[in-house]
Amino acid sequence: MNQDKKSLLVIEDDPGLQKQLRWSFDSYEVLVAGDRESALTLIRRYEPAVVTMDLGLPPDPDGASEGLGTLKQILELAPDTKVIVLTGNQDHGNALKAIGIGAYDFYQKPFDPEMLGLVVERAFYLYALQQENRRLLQTQINLPITGIITRDPGMIKVCRNVEKVASSDATAILLGESGTGKEILARALHHSSARQGKRFMAINCAAIPETLLESELFGYEKGAYTGAAKQTLGKIELANEGTFFLDEVGDLPMPLQAKLLRFLQERVIERVGGRKEIPVDVRIVCATHQNLKKLIEEGRFREDLYYRLSEIVITIPPLRERAGDAALLAHHFKNKFLVQEKRPSLNFSQEALAAIESHPWPGNVREMENCIKRAVIMADGPMISAEDLGLQTSVAPMEPINLRQIREKAECDALMKALARVDGSVVKAAELLGVSRPTIYDLMNRYGLK
């Protein structure tokens, strides 16, 4: 076999159609089977990513029972294989049965080679995406930070920065929209530090009433106020020798900002109702989705506290700016919730993937997780449709993943920019691009530039 070509299995008992399909898919390594036994043998041996099959197989060439039985066995042996069923005009009902069993798609005979080729190409793309997600899950322990699923260079850089900061005791602040994973990164910073054996304490300033927040942070003495029946330690004191994570620090009231600033400067606290200074050795990590510099201008956040908190600033990109991560995370959460909900294998339709990639995800990873969980629960049949996702967005057509097209577009754009910069001079454009003049002329002819 040609190892450079993708394997495509054609299950068809008609020799004429076998030959036609071989010719139509000459860019693939085409394997041909005429019956159930030979098809299953090839599945076990080559594990092809995509299969096209006719439901009318011997010994039932005029029916669909043998084809449907073969389909079930293929999906039992290789559940991720994308099976495209080729049917006649009168076999619509059987095609729907095949989809119900788990076939990826169906296409009616007589087939248009170009259109069928697009269906097959999409099937290979989806299979490759799922395999990439599976490899990611298997090697997750080698990723920069456990719990972060990404292939985006910007997000990987954030993870690397967290690793660098972990060895220091500098106060760090994590900036990013809600749902981007600020607490996961804060915990990762703690677990990568020398304080990992001690406590990690977290508090959300926006979730606790102002009247209770001081007691939560600093604790209180017995009798400090009505109902204070015993001495209670605050979260900062409980985190002694460990890490204290102050989430949504932008919502901290001004009086407590002054008290927190004093702690950061002196590293001592006083409990509510107490007069004794208590030294505390703790690493402070903060996070917020707000623009602290704007809050400073509005007089709602202390500038001196900001500079104390921002010894190290780490900005987390939103999901919409993380290249390829939307589809990657969608598959990760789908696999996670399939196990939780005890559902059989589900795949995303092409329309669902297009919706996932075009949606802006204002709620970031948290919104993605909730969306996929709902889709896994609500989906009927083996496919998650765009409707199952419930996204209020217009679905843009999926960008073609074709290296030749991408390369040609980049080449054409670079040539046009170069010619524009040098006012159309071919000699200067060749020097700018580092190629010969004949190459420039060839490129101009290819892309119709004058």
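Reader: Is D247 buried or exposed?

Author: First, the ground rules: this is a predicted model, in which local features need pLDDT of at least 70 and side-chain atom pairs count only at pLDDT 80 or more, while totals for chains, interfaces and linings use all residues. Residues are numbered from 1 along each chain as its sequence is written, and side-chain values use heavy atoms, with hydrogens and water left out. Buried means under 20% relative accessible area, exposed means over 50%, and partly exposed lies in between, with a 1.4 Å probe and protein chains only. D247 has a relative accessible area of 13%, so D247 is buried.

Reader: Where is D247, and what does D247 touch?

Author: D247 belongs to strand β10, residues 243–247. Helices (H or I, at least four residues) and strands (E, at least two) are DSSP runs, numbered from the N terminus. Contact means heavy atoms within 4.5 Å. Leaving aside residues up to four places away in sequence, D247 touches K182, I203, N204, C205 and A287. D247 and I173 are 74 residues apart in sequence, and their C-alpha atoms are 9.5 Å apart in space.

Reader: C205 is on that list. How many disulfides are found in the whole structure?

Author: A disulfide is a pair of cysteine sulfur atoms within 2.5 Å. The search of the whole structure finds zero. For C205, the nearest cysteine sulfur is that of C286, 7.8 Å away. Seen from C286, the closest cysteine sulfur is in C205, and 7.8 Å is too far for a bond. C205 is buried at 3% relative accessible area, and C286 is buried at 0%.

Reader: How is a pair of packed helices described?

Author: Two packed helices are described by the angle between their axes and the distance between the axes. Axes are lines fitted to C-alpha atoms, for helices over the stretch in contact, and angles run from 0 to 180 degrees between N-to-C directions. Here, helix α3 (residues 65–77) and helix α4 (residues 92–101) have axes that come within 10 Å and cross at roughly 20 degrees. That angle makes α3 roughly parallel to α4; angles under 35 degrees count as roughly parallel, over 145 as roughly antiparallel, 65 to 115 as roughly perpendicular and the rest as oblique.

Reader: Which residues meet between α3 and α4?

Author: From α3 come L68, L71, K72 and L75, and from α4 come N94, K97, A98 and I101. By class, this contact has five nonpolar, one polar and two charged residues. Ala, Val, Leu, Ile, Met, Phe, Trp, Tyr, Cys and Pro count as nonpolar, Asp, Glu, Lys and Arg as charged, and the others, Gly among them, as polar.

Reader: What should I look for in the backbone?

Author: Most residues other than glycine have a negative phi, and most peptide bonds are trans. The bond from P58 to P59 is cis, with omega near 10 degrees, and P59 lies in the loop between β3 (50–54) and α3. The bond from K109 to P110 is also cis, with omega near -10 degrees; P110 sits in the loop between β5 (105–108) and α5 (113–138).
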